[in-house]
Amino acid sequence: MNVLITNRQENRLSSLDIDIIKHISGTFKAQEICDMFKTFFYNKMIIDITAIDRNRDIKSLETLVNSLEADKIIIFLPDNSEYCTTQYLSLLVQAGLYNFTTNLEGVRYLLKKTNTYEDVSHIQGIEPTGAEASQEAVTVSETQSPKNGPAIVIGIKNATEHAGATTLIYMMTKALSSIYGADKVLALELQKNDFKYFNKSNMVSTTENDMRLLISRDRRIRFALIDLNNSEDTSMCNAIIYLVEPSTIKLNKMIDRHRTLLDRLRSERVMLNNSLLSNKDVNDLEYESGLKFFYNMPPLNDRKNNEIIVDFLGRINLVQRPSSNEDKSIFGLFRR
């Protein structure tokens with residue numbers, strides 16, 4: 001039998017199909033929770049983090065650990081919230097709370113298997129050692145096998161101003177989700193909040209510090225798309241695509257403001273976006289700029305499903321294409 005303590009996440013947690021011996025709802029001081037349950041027999045205690053008063057104070061969290069059995073406590077965190085940052089998760093680990101998750105599958109998993117410090121030490125930048133190093137991550141359920149391998153991480157960045165990285169990622173995310181399922185695809189934007197206007201649960205605004213955690217915490221994710229327009233950290237990416245909108249004014253602005261960028265782009269993967277150029281125009285632009293464009297993407301209606309996006313995903317080998325003798329690497333240099 002289990003104890004359930006809820007507050008703002010009561011609706012989510014009420015759908016848990018588990019045996020509950022006692023359920024309380026509201027905001028409680030840590031000591032109040034301890035006083036209520038220190039002599040109470042239960043299997044696990046599931047606590048909505050928003051039900052703990054002063055939940056960002058490590059002393060409050062340590063009160064729970066010191067008075068209750070920490071290995072019986074499961075902390076339930078609001079998904080994609082300020083509680084999912086590396087800093088806050090590190091605070092939980094520092095306090096001695098190793099069982100935490102953002103989803104119901106994670107709760108079910110932690111009801112069966114209790115985390116040890118080795119399971120969560122990576123959050124503080126400490127790698128686990130020995131046999132414990134092979135155990136699954138904190139929010140992974142038993143049905144989420146790590147054998148799928150790491151996600152393919154693609155960075156998208158505007159080379160010219162407002163070249164359309166955000167909208168392109170939206171259309172790529174929508175197409176990949178329809179093919180593989182939304183739980184297999186994650187889109188991230190760094191240090192901005194444009195994704196919220198698309199109303200997609202798998203499009204998340206985050207920070208550079210939390211980017212790695214969001215990608216690694218769910219083993220189901222096969223593809224992660226990152227809007228790099230506010231970041232220079234490309235270390236997570238398997239490949240980066242630079243977008244050029246080929247209007248004369250934007251190209252000249254790019255060259256004038258970043259005189260070394262053109263030279264650097266010559267060794268990068270560059271595509272034209274929102275482009276009305278013909279193949280002859282593209283050839284002329286390549287000759288003038290010294291760049292090689294692997295794709296020429298026209299303006300698209302983002303309210304509709306576009307076969308061109310699927311074709312583009314095929315060209316970069318994120319979706320299966322008919323067998324041919326063409327390059328099968330993650331990014332063959334193709335032009336539509």
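A salt bridge is taken here as a side-chain nitrogen of Lys or Arg within 4 Å of a carboxyl oxygen of Asp or Glu. The model on display is predicted, and by this rule the count comes to 13 salt bridges. The tour visits several of them and then turns to a helix contact.

**First stop: K157 and E232**

Select K157 and E232. These residues form a salt bridge in which the closest N and O atoms are 3.6 Å apart. The pair links distant parts of the chain: K157 belongs to strand β6 (residues 152–158), whereas E232 lies in the loop between β9 (223–227) and β10 (239–244), 75 residues apart. Now display the surface. K157 is buried, with a relative accessible area of 12%, because buried means under 20%. E232, at 65% relative accessibility, counts as exposed.

**Second stop: R56 and E82**

Next, select R56 and E82. The closest N and O atoms of this salt bridge are 2.9 Å apart. R56 lies in the loop between β3 (45–48) and α3 (58–67), and E82 in the loop between β4 (73–76) and α4 (86–95), so the pair ties together parts that are 26 residues apart in sequence. E82 counts as partly exposed, at 43% relative accessibility.

Move to D183 and R220, which form a salt bridge with the closest N and O atoms 3.9 Å apart. This pair also links distant parts of the chain. D183 is found in the loop between α7 (165–180) and β7 (185–190), and R220 in the loop between α8 (208–216) and β9, 37 residues apart.

Finally, show α7 together with helix α12 (residues 307–315). How do their axes cross, roughly parallel or roughly perpendicular? The axes come within 10 Å and cross at roughly 85 degrees; the two helices are therefore roughly perpendicular to each other. To view the contact, display the side chains of L168, M171, M172, A175 and L176 on α7, and of I309, V310, F312 and L313 on α12. Colouring the contact of α7 with α12 by residue class shows nine nonpolar residues, no polar and no charged.

Note on methods
Residues are numbered from 1 along each chain as its sequence is written. This is a predicted model: local features need pLDDT of at least 70, side-chain atom pairs count only at pLDDT 80 or more; totals for chains, interfaces and linings use all residues. Side-chain values use heavy atoms; hydrogens and water are left out. Helices (H or I, at least four residues) and strands (E, at least two) are DSSP runs, numbered from the N terminus. Buried means under 20% relative accessible area, exposed over 50%, partly exposed in between (1.4 Å probe, protein chains only). Axes are lines fitted to C-alpha atoms, for helices over the stretch in contact, and angles run from 0 to 180 degrees between N-to-C directions. Angles under 35 degrees count as roughly parallel, over 145 as roughly antiparallel, 65 to 115 as roughly perpendicular and the rest as oblique. Contact means heavy atoms within 4.5 Å. Ala, Val, Leu, Ile, Met, Phe, Trp, Tyr, Cys and Pro count as nonpolar, Asp, Glu, Lys and Arg as charged, and the others, Gly among them, as polar.
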